[in-house]
Amino acid sequence: MKIDSKQQRLARTAIIAALYAVITIIFAPIDYGNIQFRVSEVMVLLAFFDPFYIVGLTLGCFIANILGPNGVMDIIFGTIATFISVSAISFTGRLIRNKKNSLVIASLWPTIFNGLIVGWMLNYVYKWPLILSMCQVAIGEFVVVTVVGVPVVKLIQKKYGKFI
C-alpha cells in the first residue's frame, strides 16, 4: 500500500505533536511554573524551515497543557502563545531565511510571546507578580530556544546539510 503525501503529512504532524507532548511531560518539573525550561520548546524552531510544523507543535503544546498542572487557562493561553510564536517563527523564516542571524532573530519570538502571554496567565492563576512572571517565563524561553536550540539546529544543519 502506497502512502500519499496527505497521509505522510498527517503522520508527521502526529509524530511532532506526540514528541512535543511526551518531552514536556517527561520534563514536567521544570516545564511548568513561573520559571520554565520547557525542553520541548527547542522544537518550535522547526517552523522556521517549514510552516507545516505549526499544526503539530501547537497540537503538542495543547496536549501537554491538558496533561499539565495549570488547568484551563494554560490549555487556552499557553496554546495560543505557542501558536503565535511558531507562526511568527515561520513568517520570519520565509521572510529573511537567507540573511545572517535570521534563525537567531526568529528564535526570539517565543521569548516575547510566551513571556507576555504565559507570564500574564501565571499572574492571573497564581497571583504571582506580573512583571516577574513575564520575565521568568521569557528568560526560560530565551535559554531553551535561543541559547540551546539555535546552536543545536545549526549543528544539525552543518552535519547533515539541511534541517528536516
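This is a predicted model: local features need pLDDT of at least 70, side-chain atom pairs count only at pLDDT 80 or more; totals for chains, interfaces and linings use all residues.
Modeller: Before we start, a helix here is a DSSP run of H or I with at least four residues, and helices are numbered from the N terminus.

Biologist: Where is the place of L46, then?

Modeller: L46 sits in helix α3, which covers residues 46-49.

Biologist: Is L46 buried or exposed?

Modeller: The general idea is a cut-off: buried means under 20% relative accessible area, exposed means over 50%, and partly exposed is in between. L46 has a relative accessibility of 7%, so L46 counts as buried.

Biologist: What about I75, buried or exposed?

Modeller: I75 belongs to helix α5. I75 counts as buried because its relative accessible area is 19%, and the limit for buried is under 20%.

Biologist: Next, separation along the chain and in space. How many residues apart in sequence are L46 and I89, and how many Å apart in space?

Modeller: Treat these as two separate numbers. L46 and I89 are 43 residues apart in sequence, and their C-alpha atoms are 8.7 Å apart in space.

Biologist: What are the two numbers for N34 and G119?

Modeller: N34 and G119 are 85 residues apart in sequence, with 7.4 Å from C-alpha to C-alpha. N34 lies in the loop between α2 and α3, and N34 is partly exposed because its relative accessible area is 25%.

Biologist: What separates the C-alpha atoms of I75 and Y160?

Modeller: I75 and Y160 are 85 residues apart along the chain, and 36 Å separates their C-alpha atoms. For Y126 and L46, the sequence separation is 80 residues and the C-alpha separation is 32 Å.

Biologist: Now backbone angles. Which phi does N101 have, positive or negative?

Modeller: The general idea first: most residues other than glycine have a negative phi. N101 has a positive phi of about 65 degrees, although N101 is not a glycine. N101 is in the loop between α5 and α6. With a relative accessible area of 38%, N101 is partly exposed.

Biologist: What is the phi of K127?

Modeller: K127 is not a glycine either, and its phi is positive, at about 65 degrees. K127 lies in the loop between α6 and α7 (130-160). K127 counts as exposed because its relative accessibility is 63%.

Biologist: Let us turn to the surface. Which residues form a nonpolar patch there?

Modeller: V22, I26, F27, I30, I35, F37 and V39 form the patch. Together these residues have about 570 Å² of accessible area.

Biologist: Where is I35 found?

Modeller: I35 is in the loop between α2 (28-31) and α3 (46-49). Its relative accessible area is 44%, so I35 is partly exposed. Membership of a patch requires over 30% relative accessible area.

Biologist: Last, the inside. How many cavities of 30 Å³ or more does a search of the whole structure find?

Modeller: A cavity is a space where a probe fits but cannot get out. The search finds one of 30 Å³ or more. The largest cavity has a volume of about 70 Å³.

Biologist: Which residues line the largest cavity?

Modeller: The lining consists of Y20, Q36, R38, E41, C61, N65, D74, G78, T82, N114, V118 and E141. By class, three are nonpolar, five polar and four charged.

Biologist: Which helix gives the most to the lining of the largest cavity?

Modeller: α5 gives the most, with three residues. At least two lining residues come from each of α4 (53-67), α5 (71-96) and α6 (102-126).

Key:
Residues are numbered from 1 along each chain as its sequence is written. Side-chain values use heavy atoms; hydrogens and water are left out. On a 1 Å grid over the protein atoms alone, a cavity is a set of points where a 1.4 Å probe fits but cannot get out, and a pocket is an open set with protein on both sides within 12 Å along at least five of seven lines; lining residues have an atom within 4 Å of a point. Grid points are joined across faces, edges and corners, and a volume is the space filled by probe spheres set on the points. Ala, Val, Leu, Ile, Met, Phe, Trp, Tyr, Cys and Pro count as nonpolar, Asp, Glu, Lys and Arg as charged, and the others, Gly among them, as polar. Patches are made of residues with over 30% relative accessible area and no salt bridge: like charges are joined within 9 Å, nonpolar side chains (Val, Leu, Ile, Met, Phe, Trp, Tyr) within 5 Å. Accessible areas come from the Shrake-Rupley method with a 1.4 Å probe; for residues, only the protein chains shown count as cover. A salt bridge is a side-chain nitrogen of Lys or Arg within 4 Å of a carboxyl oxygen of Asp or Glu. Buried means under 20% relative accessible area, exposed over 50%, partly exposed in between (1.4 Å probe, protein chains only).
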